[in-house]
Amino acid sequence: MQRVVVIGAGAAGTMAAIFAARGGADTILIERTKDGGRKILISGGGRCNVLPSRLDESRYVTDSSPNTLRKILRGWPLAEQIAFFEQEVGVPLEEEVESAKLFPASHKARDVRDGLLDLARRSGVRLLFDTKVTGLQRDGAQWLVALDNDVPLRADSVIVATGGLSVPNTGSDGTGLNMLAAMGHTIHPTYAALTPVCADNSAYGELSGISLKVSLTATSEARRATASGGFLFTHRGYSGPSVLNVSHVAVRARHDAASAASISVQWTAHGEAAWTALLQPHGSRQVSSVVRHELPDRLADVLMAQANVEPTRKLAELTRDERRRLIDTLVRGPLPWNGDEGYKKAEVMGGGVRLSDIDPRTMESRLHKGLYLCGEVLDAFGPIGGYNFFWAWVTGRAAGQAVAAG
(Lines give C-alpha, C1' and ligand atoms only; values in the text may rest on other atoms or scores of the structure.)
Protein backbone atom coordinates (compact mmCIF):
# COMPACT_ATOMS: atom_id res chain seq x y z
CA MET A 1 0.00 0.00 0.00
CA GLN A 2 1.28 3.45 -0.94
CA ARG A 3 2.04 5.71 2.02
CA VAL A 4 1.25 9.34 1.24
CA VAL A 5 2.00 12.40 3.34
CA VAL A 6 0.02 15.56 2.54
CA ILE A 7 1.49 18.78 3.93
CA GLY A 8 -1.17 21.39 4.67
CA ALA A 9 -4.81 20.87 5.70
CA GLY A 10 -6.20 23.82 3.77
CA ALA A 11 -8.60 23.56 0.87
CA ALA A 12 -6.24 21.88 -1.60
CA GLY A 13 -4.50 19.65 0.92
CA THR A 14 -7.66 18.30 2.50
CA MET A 15 -9.10 17.57 -0.93
CA ALA A 16 -5.88 15.82 -1.95
CA ALA A 17 -5.92 13.69 1.21
CA ILE A 18 -9.54 12.66 0.65
CA PHE A 19 -8.89 11.38 -2.86
CA ALA A 20 -5.57 9.74 -1.95
CA ALA A 21 -7.23 7.78 0.85
CA ARG A 22 -10.25 6.94 -1.28
CA GLY A 23 -7.86 5.54 -3.85
CA GLY A 24 -6.43 3.13 -1.29
CA ALA A 25 -3.35 5.01 -0.10
CA ASP A 26 -2.29 5.08 3.54
CA THR A 27 -2.69 8.83 3.93
CA ILE A 28 -1.40 11.20 6.62
CA LEU A 29 -2.48 14.86 6.54
CA ILE A 30 -0.13 17.21 8.43
CA GLU A 31 -1.24 20.67 9.55
CA ARG A 32 0.80 23.24 11.46
CA THR A 33 -2.25 24.91 13.07
CA LYS A 34 -4.51 23.31 15.65
CA ASP A 35 -7.52 22.98 13.37
CA GLY A 36 -6.73 23.58 9.65
CA GLY A 37 -8.76 25.22 6.91
CA ARG A 38 -8.59 28.69 8.40
CA LYS A 39 -8.87 30.46 5.04
CA ILE A 40 -12.05 28.50 4.42
CA LEU A 41 -13.43 29.83 7.69
CA ILE A 42 -12.79 33.50 6.88
CA SER A 43 -13.72 33.37 3.19
CA GLY A 44 -16.84 35.07 1.92
CA GLY A 45 -17.27 37.05 5.11
CA GLY A 46 -17.58 33.80 7.08
CA ARG A 47 -19.99 32.27 4.56
CA CYS A 48 -17.40 30.61 2.25
CA ASN A 49 -17.91 31.17 -1.45
CA VAL A 50 -17.30 27.50 -2.30
CA LEU A 51 -17.44 27.82 -6.10
CA PRO A 52 -18.53 30.13 -8.90
CA SER A 53 -21.87 29.25 -10.47
CA ARG A 54 -20.27 29.86 -13.88
CA LEU A 55 -16.58 29.56 -14.74
CA ASP A 56 -14.70 31.79 -17.18
CA GLU A 57 -11.23 30.27 -17.64
CA SER A 58 -9.89 33.49 -19.17
CA ARG A 59 -10.18 35.29 -15.83
CA TYR A 60 -7.31 33.36 -14.27
CA VAL A 61 -3.92 35.10 -14.05
CA THR A 62 -0.59 33.33 -14.48
CA ASP A 63 2.93 34.03 -15.70
CA SER A 64 3.09 30.40 -16.82
CA SER A 65 1.62 28.77 -19.92
CA PRO A 66 -2.10 29.63 -20.34
CA ASN A 67 -2.49 26.32 -22.17
CA THR A 68 -1.16 24.37 -19.17
CA LEU A 69 -3.47 26.35 -16.91
CA ARG A 70 -6.50 25.43 -19.04
CA LYS A 71 -5.55 21.74 -19.00
CA ILE A 72 -5.47 21.79 -15.21
CA LEU A 73 -8.77 23.65 -14.86
CA ARG A 74 -10.55 21.15 -17.08
CA GLY A 75 -9.48 18.22 -14.92
CA TRP A 76 -12.63 18.37 -12.78
CA PRO A 77 -15.65 20.12 -14.35
CA LEU A 78 -17.65 22.59 -12.30
CA ALA A 79 -20.84 20.50 -12.36
CA GLU A 80 -18.96 17.53 -10.90
CA GLN A 81 -17.45 19.68 -8.16
CA ILE A 82 -20.89 20.97 -7.20
CA ALA A 83 -22.21 17.40 -7.04
CA PHE A 84 -19.24 16.36 -4.89
CA PHE A 85 -19.93 19.01 -2.25
CA GLU A 86 -23.64 18.35 -2.16
CA GLN A 87 -23.57 14.54 -2.30
CA GLU A 88 -20.22 13.55 -0.80
CA VAL A 89 -19.36 16.34 1.63
CA GLY A 90 -23.04 16.80 2.53
CA VAL A 91 -23.08 20.57 2.06
CA PRO A 92 -26.00 21.79 -0.09
CA LEU A 93 -25.05 24.84 -2.16
CA GLU A 94 -27.10 27.92 -2.89
CA GLU A 95 -26.53 30.43 -5.69
CA GLU A 96 -26.31 34.15 -5.10
CA VAL A 97 -27.60 34.98 -8.56
CA GLU A 98 -26.46 38.59 -8.77
CA SER A 99 -22.82 37.72 -8.07
CA ALA A 100 -22.80 34.23 -9.68
CA LYS A 101 -21.40 32.75 -6.44
CA LEU A 102 -22.22 29.47 -4.72
CA PHE A 103 -22.41 29.41 -0.91
CA PRO A 104 -23.38 26.65 1.50
CA ALA A 105 -27.13 26.85 2.05
CA SER A 106 -26.42 27.34 5.75
CA HIS A 107 -24.18 30.34 4.92
CA LYS A 108 -21.68 28.97 7.43
CA ALA A 109 -18.08 28.52 6.30
CA ARG A 110 -17.50 26.16 9.20
CA ASP A 111 -19.86 23.64 7.60
CA VAL A 112 -17.55 23.50 4.57
CA ARG A 113 -14.32 23.17 6.56
CA ASP A 114 -15.75 20.66 9.02
CA GLY A 115 -17.48 18.72 6.25
CA LEU A 116 -14.23 18.26 4.35
CA LEU A 117 -12.27 17.22 7.43
CA ASP A 118 -15.02 14.79 8.45
CA LEU A 119 -15.01 13.27 4.98
CA ALA A 120 -11.23 12.94 5.18
CA ARG A 121 -11.51 11.04 8.46
CA ARG A 122 -14.28 8.80 7.10
CA SER A 123 -12.09 8.09 4.08
CA GLY A 124 -9.31 6.84 6.35
CA VAL A 125 -7.04 9.90 6.51
CA ARG A 126 -4.97 10.29 9.67
CA LEU A 127 -4.75 13.94 10.72
CA LEU A 128 -1.80 15.42 12.59
CA PHE A 129 -2.57 18.95 13.81
CA ASP A 130 -0.13 21.28 15.58
CA THR A 131 2.66 19.64 13.59
CA LYS A 132 5.22 21.61 11.62
CA VAL A 133 7.18 20.18 8.69
CA THR A 134 10.79 21.39 8.87
CA GLY A 135 12.34 19.56 5.95
CA LEU A 136 11.70 17.35 2.95
CA GLN A 137 14.23 15.16 1.19
CA ARG A 138 14.53 12.11 -0.96
CA ASP A 139 15.85 9.01 0.83
CA GLY A 140 16.36 6.23 -1.66
CA ALA A 141 13.00 5.23 -3.10
CA GLN A 142 11.14 7.10 -0.39
CA TRP A 143 10.67 10.60 0.99
CA LEU A 144 11.73 11.67 4.44
CA VAL A 145 9.46 14.30 5.98
CA ALA A 146 11.15 16.01 8.93
CA LEU A 147 8.89 17.24 11.73
CA ASP A 148 9.46 19.77 14.47
CA ASN A 149 9.99 17.90 17.76
CA ASP A 150 8.91 14.54 16.37
CA VAL A 151 10.22 11.49 14.56
CA PRO A 152 10.51 11.98 10.76
CA LEU A 153 7.88 10.31 8.59
CA ARG A 154 8.68 8.08 5.64
CA ALA A 155 6.45 8.19 2.59
CA ASP A 156 6.30 6.84 -0.94
CA SER A 157 4.82 10.12 -2.13
CA VAL A 158 4.40 13.63 -0.74
CA ILE A 159 1.81 16.25 -1.66
CA VAL A 160 2.81 19.84 -0.89
CA ALA A 161 -0.30 21.98 -0.27
CA THR A 162 1.18 24.56 2.06
CA GLY A 163 -0.50 27.62 0.55
CA GLY A 164 1.23 30.87 -0.26
CA LEU A 165 1.83 34.08 1.66
CA SER A 166 -1.62 35.64 1.86
CA VAL A 167 -3.31 36.25 5.24
CA PRO A 168 -0.29 35.09 7.28
CA ASN A 169 -2.26 34.88 10.53
CA THR A 170 -3.99 31.79 9.11
CA GLY A 171 -0.66 29.94 9.02
CA SER A 172 0.62 30.87 5.54
CA ASP A 173 4.31 31.66 5.90
CA GLY A 174 5.89 30.54 2.63
CA THR A 175 7.55 27.44 4.11
CA GLY A 176 6.42 25.25 1.23
CA LEU A 177 7.64 27.71 -1.39
CA ASN A 178 11.05 27.86 0.26
CA MET A 179 11.30 24.06 0.34
CA LEU A 180 10.30 23.78 -3.31
CA ALA A 181 12.74 26.49 -4.38
CA ALA A 182 15.54 24.69 -2.52
CA MET A 183 14.66 21.55 -4.47
CA GLY A 184 15.19 23.32 -7.78
CA HIS A 185 11.70 24.42 -8.74
CA THR A 186 11.37 27.75 -10.51
CA ILE A 187 9.32 30.20 -8.46
CA HIS A 188 7.75 32.99 -10.48
CA PRO A 189 7.83 36.30 -8.54
CA THR A 190 5.23 36.26 -5.77
CA TYR A 191 2.97 39.18 -4.91
CA ALA A 192 -0.19 40.05 -3.01
CA ALA A 193 -3.23 39.58 -5.25
CA LEU A 194 -6.87 40.49 -4.61
CA THR A 195 -5.86 43.07 -2.01
CA PRO A 196 -7.30 46.52 -1.18
CA VAL A 197 -5.61 49.58 -2.70
CA CYS A 198 -4.46 52.58 -0.64
CA ALA A 199 -4.76 56.28 -1.43
CA ASP A 200 -3.33 58.80 1.03
CA ASN A 201 -4.54 62.41 0.89
CA SER A 202 -6.74 61.87 -2.16
CA ALA A 203 -9.81 63.89 -3.07
CA TYR A 204 -11.87 60.91 -1.92
CA GLY A 205 -10.50 60.87 1.61
CA GLU A 206 -13.76 61.98 3.22
CA LEU A 207 -15.92 59.38 1.48
CA SER A 208 -15.14 56.38 3.70
CA GLY A 209 -18.09 54.02 3.97
CA ILE A 210 -19.71 54.93 0.64
CA SER A 211 -20.25 51.92 -1.62
CA LEU A 212 -21.55 51.56 -5.15
CA LYS A 213 -21.03 49.51 -8.31
CA VAL A 214 -18.39 50.68 -10.78
CA SER A 215 -16.18 49.48 -13.62
CA LEU A 216 -12.41 49.76 -13.19
CA THR A 217 -9.48 49.48 -15.57
CA ALA A 218 -5.93 49.14 -14.24
CA THR A 219 -3.14 49.60 -16.77
CA SER A 220 0.64 49.34 -16.62
CA GLU A 221 3.24 48.95 -19.32
CA ALA A 222 3.11 45.17 -19.02
CA ARG A 223 -0.45 44.42 -17.86
CA ARG A 224 -4.07 45.42 -18.04
CA ALA A 225 -7.10 44.27 -16.06
CA THR A 226 -10.74 45.32 -16.03
CA ALA A 227 -13.44 44.49 -13.51
CA SER A 228 -16.98 45.54 -12.66
CA GLY A 229 -18.82 45.20 -9.38
CA GLY A 230 -18.84 46.43 -5.83
CA PHE A 231 -16.58 49.31 -4.81
CA LEU A 232 -16.05 50.65 -1.30
CA PHE A 233 -14.31 53.79 -0.09
CA THR A 234 -12.28 52.91 3.03
CA HIS A 235 -10.33 54.93 5.57
CA ARG A 236 -7.14 53.98 3.72
CA GLY A 237 -8.34 53.91 0.12
CA TYR A 238 -10.55 51.49 -1.79
CA SER A 239 -11.82 47.94 -1.51
CA GLY A 240 -14.63 45.75 -2.84
CA PRO A 241 -14.59 43.06 -5.55
CA SER A 242 -13.91 45.44 -8.45
CA VAL A 243 -10.84 46.86 -6.70
CA LEU A 244 -9.49 43.48 -5.58
CA ASN A 245 -9.82 42.04 -9.08
CA VAL A 246 -7.58 44.69 -10.67
CA SER A 247 -5.23 45.24 -7.74
CA HIS A 248 -2.55 42.85 -9.01
CA VAL A 249 -1.71 45.26 -11.84
CA ALA A 250 -1.04 48.05 -9.33
CA VAL A 251 0.82 45.77 -6.90
CA ARG A 252 3.15 44.44 -9.57
CA ALA A 253 3.84 47.90 -10.94
CA ARG A 254 4.90 49.02 -7.45
CA HIS A 255 7.38 46.14 -7.30
CA ASP A 256 8.77 47.01 -10.73
CA ALA A 257 10.73 50.23 -10.45
CA ALA A 258 10.63 50.69 -14.23
CA SER A 259 6.83 50.55 -14.41
CA ALA A 260 3.84 52.54 -13.21
CA ALA A 261 0.14 51.76 -13.16
CA SER A 262 -2.93 53.91 -13.50
CA ILE A 263 -6.48 53.08 -12.52
CA SER A 264 -9.49 54.64 -14.24
CA VAL A 265 -13.08 54.33 -13.15
CA GLN A 266 -16.50 54.44 -14.78
CA TRP A 267 -18.64 55.48 -11.85
CA THR A 268 -22.00 54.25 -13.12
CA ALA A 269 -23.40 51.86 -15.71
CA HIS A 270 -23.76 54.84 -18.05
CA GLY A 271 -21.20 55.18 -20.79
CA GLU A 272 -20.30 58.29 -22.74
CA ALA A 273 -23.40 58.28 -24.94
CA ALA A 274 -25.77 57.87 -21.99
CA TRP A 275 -24.16 60.71 -20.01
CA THR A 276 -24.16 62.93 -23.10
CA ALA A 277 -27.90 62.41 -23.36
CA LEU A 278 -28.49 62.99 -19.64
CA LEU A 279 -26.54 66.26 -19.66
CA GLN A 280 -28.36 67.79 -22.60
CA PRO A 281 -30.23 71.06 -21.85
CA HIS A 282 -33.53 70.33 -20.13
CA GLY A 283 -35.57 73.24 -18.83
CA SER A 284 -33.97 74.82 -15.79
CA ARG A 285 -32.40 71.63 -14.41
CA GLN A 286 -29.04 72.02 -12.73
CA VAL A 287 -25.99 69.83 -13.24
CA SER A 288 -26.12 68.67 -9.62
CA SER A 289 -29.65 67.30 -9.93
CA VAL A 290 -28.60 65.01 -12.78
CA VAL A 291 -25.32 63.78 -11.29
CA ARG A 292 -26.73 63.32 -7.77
CA HIS A 293 -29.62 61.30 -9.18
CA GLU A 294 -27.11 58.73 -10.47
CA LEU A 295 -24.53 58.78 -7.64
CA PRO A 296 -24.29 59.24 -3.85
CA ASP A 297 -24.47 62.96 -3.12
CA ARG A 298 -21.04 63.31 -1.51
CA LEU A 299 -19.33 61.45 -4.34
CA ALA A 300 -21.26 63.44 -6.93
CA ASP A 301 -20.03 66.68 -5.36
CA VAL A 302 -16.40 65.53 -5.41
CA LEU A 303 -16.64 64.48 -9.07
CA MET A 304 -18.19 67.77 -10.13
CA ALA A 305 -15.40 69.61 -8.32
CA GLN A 306 -12.80 67.43 -10.05
CA ALA A 307 -14.32 68.33 -13.41
CA ASN A 308 -14.30 71.98 -12.37
CA VAL A 309 -18.03 72.27 -13.07
CA GLU A 310 -20.19 74.38 -10.77
CA PRO A 311 -23.02 72.18 -9.41
CA THR A 312 -25.58 74.98 -9.59
CA ARG A 313 -25.02 75.66 -13.27
CA LYS A 314 -28.01 74.97 -15.46
CA LEU A 315 -27.60 72.27 -18.09
CA ALA A 316 -28.40 74.86 -20.74
CA GLU A 317 -25.47 76.98 -19.54
CA LEU A 318 -22.82 74.27 -19.73
CA THR A 319 -20.10 74.95 -22.28
CA ARG A 320 -18.91 72.19 -24.57
CA ASP A 321 -15.62 71.93 -22.61
CA GLU A 322 -17.42 71.73 -19.26
CA ARG A 323 -19.69 68.97 -20.52
CA ARG A 324 -16.71 67.10 -21.93
CA ARG A 325 -14.70 67.39 -18.69
CA LEU A 326 -17.62 66.16 -16.63
CA ILE A 327 -18.33 63.20 -18.91
CA ASP A 328 -14.63 62.24 -18.93
CA THR A 329 -14.60 62.32 -15.12
CA LEU A 330 -17.73 60.19 -14.87
CA VAL A 331 -16.79 57.64 -17.52
CA ARG A 332 -13.00 57.38 -17.36
CA GLY A 333 -11.94 59.37 -14.35
CA PRO A 334 -8.55 58.76 -12.74
CA LEU A 335 -8.54 56.91 -9.42
CA PRO A 336 -5.52 58.13 -7.43
CA TRP A 337 -3.62 55.49 -5.45
CA ASN A 338 -0.21 55.13 -3.87
CA GLY A 339 -0.06 51.73 -2.20
CA ASP A 340 -1.83 48.51 -1.25
CA GLU A 341 -2.68 46.47 1.83
CA GLY A 342 -0.28 43.68 0.88
CA TYR A 343 -0.48 40.08 2.05
CA LYS A 344 -2.16 41.02 5.33
CA LYS A 345 -5.48 41.51 3.55
CA ALA A 346 -4.82 39.77 0.25
CA GLU A 347 -7.29 37.05 -0.65
CA VAL A 348 -4.58 35.08 -2.42
CA MET A 349 -0.94 35.11 -3.52
CA GLY A 350 0.00 35.64 -7.15
CA GLY A 351 3.04 33.92 -8.64
CA GLY A 352 4.51 30.68 -7.32
CA VAL A 353 5.87 27.48 -8.84
CA ARG A 354 5.76 27.72 -12.62
CA LEU A 355 3.20 25.37 -14.10
CA SER A 356 5.67 23.79 -16.52
CA ASP A 357 7.38 22.26 -13.45
CA ILE A 358 4.43 19.90 -12.99
CA ASP A 359 2.46 17.39 -15.05
CA PRO A 360 -0.92 19.14 -15.56
CA ARG A 361 -2.80 15.82 -15.39
CA THR A 362 -1.33 14.57 -12.12
CA MET A 363 0.29 17.60 -10.40
CA GLU A 364 3.49 15.53 -10.09
CA SER A 365 6.75 17.46 -10.15
CA ARG A 366 8.73 17.00 -13.35
CA LEU A 367 11.88 17.38 -11.25
CA HIS A 368 11.21 14.84 -8.49
CA LYS A 369 9.28 11.59 -8.83
CA GLY A 370 6.72 11.10 -6.08
CA LEU A 371 6.44 14.81 -5.27
CA TYR A 372 3.11 16.52 -6.03
CA LEU A 373 2.10 20.17 -5.76
CA CYS A 374 -1.36 21.69 -5.51
CA GLY A 375 -3.22 24.84 -4.53
CA GLU A 376 -1.77 28.28 -3.90
CA VAL A 377 1.91 27.26 -4.21
CA LEU A 378 1.30 27.05 -7.96
CA ASP A 379 1.48 30.08 -10.25
CA ALA A 380 -2.19 30.86 -10.85
CA PHE A 381 -5.05 32.73 -9.25
CA GLY A 382 -8.53 33.78 -10.24
CA PRO A 383 -10.90 36.63 -9.39
CA ILE A 384 -13.17 37.00 -6.40
CA GLY A 385 -16.11 34.61 -6.59
CA GLY A 386 -15.04 31.05 -5.79
CA TYR A 387 -12.40 30.82 -8.53
CA ASN A 388 -9.53 30.22 -6.13
CA PHE A 389 -11.39 27.48 -4.30
CA PHE A 390 -12.11 25.91 -7.70
CA TRP A 391 -8.33 25.93 -8.28
CA ALA A 392 -7.70 24.35 -4.89
CA TRP A 393 -10.32 21.64 -5.40
CA VAL A 394 -9.26 20.71 -8.95
CA THR A 395 -5.51 20.58 -8.21
CA GLY A 396 -6.00 18.83 -4.88
CA ARG A 397 -8.16 16.11 -6.38
CA ALA A 398 -5.76 15.55 -9.30
CA ALA A 399 -2.81 15.11 -6.92
CA GLY A 400 -4.75 12.82 -4.59
CA GLN A 401 -5.94 10.56 -7.38
CA ALA A 402 -2.48 10.40 -8.94
CA VAL A 403 -0.63 9.37 -5.76
CA ALA A 404 -3.19 6.66 -5.05
CA ALA A 405 -2.69 5.28 -8.57
CA GLY A 406 1.01 4.98 -7.77
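## Burial and overall make-up

Of the 406 residues in the protein chain, 54% are buried, where buried stands for under 20% relative accessible area, exposed for over 50% and partly exposed for values in between, with a 1.4 Å probe and protein chains only. The model is a predicted one, in which local features need pLDDT of at least 70 and side-chain atom pairs count only at pLDDT 80 or more, whereas totals for chains, interfaces and linings use all residues. Residues are numbered from 1 along each chain as its sequence is written, and side-chain values use heavy atoms, with hydrogens and water left out.

The secondary structure of the protein chain consists of 13 helices and 20 strands; these are DSSP runs numbered from the N terminus, helices being H or I with at least four residues and strands E with at least two. Along the principal axes, the C-alpha atoms occupy a box of roughly 85 × 45 × 35 Å. Among the contacts in the protein chain with a separation of 6 or more, 72% join residues 24 or more positions apart, a contact being heavy atoms within 4.5 Å.

## Helix 4 and its two partners

Helix 1 (residues 11-22) packs with helix 4 (residues 78-89) at an angle of about 65°, the axes being 14 Å apart. Axes here are lines fitted to C-alpha atoms, for helices over the stretch in contact, and angles run from 0 to 180 degrees between N-to-C directions. Helix 1 is therefore roughly perpendicular to helix 4, given that 65 to 115 degrees counts as roughly perpendicular, under 35 as roughly parallel, over 145 as roughly antiparallel and the rest as oblique. Met15, Phe19 and Arg22 of helix 1 meet Phe84, Phe85 and Glu88 of helix 4, and by class this contact has 4 nonpolar, no polar and 2 charged residues. In that classification Ala, Val, Leu, Ile, Met, Phe, Trp, Tyr, Cys and Pro are nonpolar, Asp, Glu, Lys and Arg are charged, and the others, Gly among them, are polar.

Helix 4 also packs with helix 13 (residues 387-405), their axes coming within 11 Å and crossing at roughly 85°, so that helix 4 is roughly perpendicular to helix 13. The contact is made by Leu78, Glu80, Gln81 and Phe85 of helix 4 together with Phe390, Trp393, Val394 and Arg397 of helix 13, and its residues divide into 5 nonpolar, 1 polar and 2 charged.

An open sheet of 3 strands has the order 3-5-4 with antiparallel pairing, where two strands pair if DSSP finds at least two bridges between them. Its edge strands, each pairing on one side only, are strand 3 (51-52) and strand 4 (93-96). Strand 4 and strand 5 (residues 101-104) pair over 4 bridges in the antiparallel sense, with Glu95 opposite Leu102 in strand 5.

Elsewhere, strand 11 (residues 187-193) and strand 19 are paired in the antiparallel sense over 5 bridges, and Ala192 stands opposite Met349 in strand 19. Strand 19 (residues 348-353) is mostly covered, with 6 of its 6 residues buried.

## Ser123

Ser123 lies in the loop between helix 5 (109-122) and strand 6 (126-128), and counts as buried because its relative accessibility is 18%. Leaving aside residues up to four places away in sequence, Ser123 touches Ile18, Ala21 and Arg22. From Ser123 to Gly240 the separation is 117 residues in sequence and 38 Å in space, C-alpha to C-alpha.
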